[in-house]
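Work through the exercises below with the sequence and the structure in view. Each task is followed by its solution.

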Amino acid sequence: MAWIKRHLISFAAIAVLVYMLVPNVVVAAFSFNDPKGKYNYNFNEFSAAAWTNPCGAQGICESLGLSLQIGVIASLTATVLGTMIAFALGRYRFRGRSATNLLIFMPMATPEVVMGSSLLTLFLMLGVPSGRTAILIAHIMFCVSFVVVAVKARVATLDPKLEEAAADLGANPTQTFLRVTLPLAAPGIAAGALLAFSLSFDDYIITNFNASPSSITFPMYVWGASARGVPVQVYVIGTVMFVLTLVVVMTGQLISSRRNRQVA
Amino acid sequence: MSKQQGKGDLGLVALTKSFATFTAVHPLDLVVPQGSFFALLGPSGCGKTTTLRMIAGLEEPTSGRIRIGDSDITDTKAYQRNVNTVFQSYALFPHMSVLDNVMFGLRRRGDKDAKAKAKEVLELVQLEQVASKKPTQLSGGMQQRVALARALVNRPDVLLLDEPLGALDLKLRRQMQIELKRIQQEVGLTFIHVTHDQEEAMTMADSIAVMNAGRLEQLGDPATLYEQPRSTFVANFLGQSNLLRATVNPGGTDHVVTVRAHDTDLEVSREHLPEGVRDVWLGVRPEKLRLGEGGGPNQLRGIVRDVSFSGVATQYSVQMPWGQELIVVQQNDGTARAVLGETVTVSWAAQHGFALDASQDAEAGAELVDDHG
């Protein structure tokens, strides 16, 4: 009884983990299924067919490619813009600063349906055709907010005395930025970039509003396919994405824990 | 402002800094001789740190010039000046090793021997064994020495120290004072040390500039400042002073002048009296006062109101008939001690007194001393 009491937190943690991970395990398991009929809902027979031919379903790899492309361009652009905005907001006092601070939060607070539909209206009025460009603009817009928040938190903890010290030691403004400011802000910038990529890659609602028949992203493909029966390849790509994310996160944890151990 | 400035001397000419609502530094003229250990001493907010930041190039002067030797550096940027700072918070780069921190300045100048020079300086501050560690892994005292090494290694024309010992505990601070002085003598660079700690300034510096409310109060070597303060602020900020209200009597000899304080004629050296003043504060340091008759005319009688024994000395508070209490510090040298309530005679030699213009506030600077550690 005492033993159970002592390990209550561990039990709770394990239960939560199981709850969160079971869907992923199911996806991984069913990526090895050879379904009877068009629905991949019952495990029929083990098969690695989908793994050896991940592009086997029509249009799947085109949509994946488009999502990756949009994700990379949107997150890179948003990271550059967001980092600059974060430094401006964190370091300088200027007119319109508090207004900018407020507006930066808006895309995070607005329901996606509202944002998606109002963007569509805006694009129609401006004559921007639906499709890849419209999606990119929309993604960069909401990703910037998240990057700003991540980087600003980091900038706030940077001691401005460090930049003074660099200048004092003979570093010109460019050298100071590259050798002192940027390396110190890097964890925040990296976190912002990763967040931006996953938000862009994952987005369905805003994308759907502004997409054209020739710009089907991966989430749109999966949604469309679910009506007619999701191909096993979707499970394969889902599993790969999950494993990749896990590797990235664990590597990050490992690096930071090693750094902490050095410090301690 | 001396006319012939040495080739490596730092010269400030009418240096001024005004902010929107107040003037932090009123026109300041100062020459810091090359190779000297110079202290800028004053309470917080007196403008000493602003002065330091202007020399470093981190703050732009409102007017005035800054010179090192013959070259005018006023309009150069911080990174173009051969001046380095040891910051109060150390400001070590947390993402670099100790060695990389120390090499930072040399690398910016493309020094080929950066590593060898950095290691040499780390040896000087006795930190060669932690060269590969990160600054956050070190203790406060060690970080302080890294900050010093990082500045020293560039062999600057002037090395600025902004309250560098402020964050250390008392014991470590004493140790670092000795260490800093040793290093300064060893490398022979000009050190400008900003501090609010009068004891620290007096122990370390060759000369001290006392600042108050953005102005230079007095400049001199520690002994002169202590023995012959020229203002009540200096008299109170550097150590304790007993100040008696007095009026100068006409006449006197070449060496001695008599002043009348509370119906008693007292003597003071003529050289310790500012010229052309009639109303003065007659000042005497507590350790210059003796219990018992000294043989001279400088004698006052009072009642002992407080006795505190501290081992090496005893401090008495002696109340005068007009109510003022004089502080007397008597060395524990075997002479008889007074007891509470006893009526005693307090005496001092004429050359141990100093006179200050009575138009000043007798309390100036006194309340500031206890504010700081």
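**Exercise 1.** Determine how far helix 2 of chain B is covered, and what covers it.

Solution. Helix 2 of chain B spans residues 98-108, and ten of its eleven residues are buried. Helices are DSSP runs (H or I, at least four residues) and strands likewise (E, at least two), numbered from the N terminus. Buried means that 20 or more other C-beta atoms, placed from the backbone, lie within 10 Å of the residue's own. Among the buried residues are Val98(B), Asp100(B), Phe104(B) and Arg108(B).

Next, find the partners. From chain A, helix 9 (173-202) packs against these buried residues. Just after the helix, Gly110(B) has a positive phi of about 70°.

The model is predicted: local features need pLDDT of at least 70 and side-chain atom pairs pLDDT 80 or more, while totals for chains, interfaces and linings use all residues. Residues are numbered from 1 along each chain as its sequence is written, and chains are lettered from A and ligands numbered from 1 in the order in which they are written.

**Exercise 2.** Describe where domain 1 of chain B touches domain 2 of chain B.

Solution. Start with the bounds, which come from an automatic or database domain assignment: domain 1 covers 10-227 and domain 2 covers 232-369 of chain B. Their C-alpha centres are 37 Å apart. Eight residues of domain 1 contact seven of domain 2, a contact being two C-beta atoms, placed from the backbone, within 7 Å. On the domain 1 side, strand 9 (207-212), strand 10 (215-220) and helix 7 (222-227) of chain B each give two or more residues.

How values were computed
A residue is buried if 20 or more other C-beta atoms lie within 10 Å of its own, exposed if 12 or fewer, and partly exposed in between; C-beta atoms are placed from the backbone.
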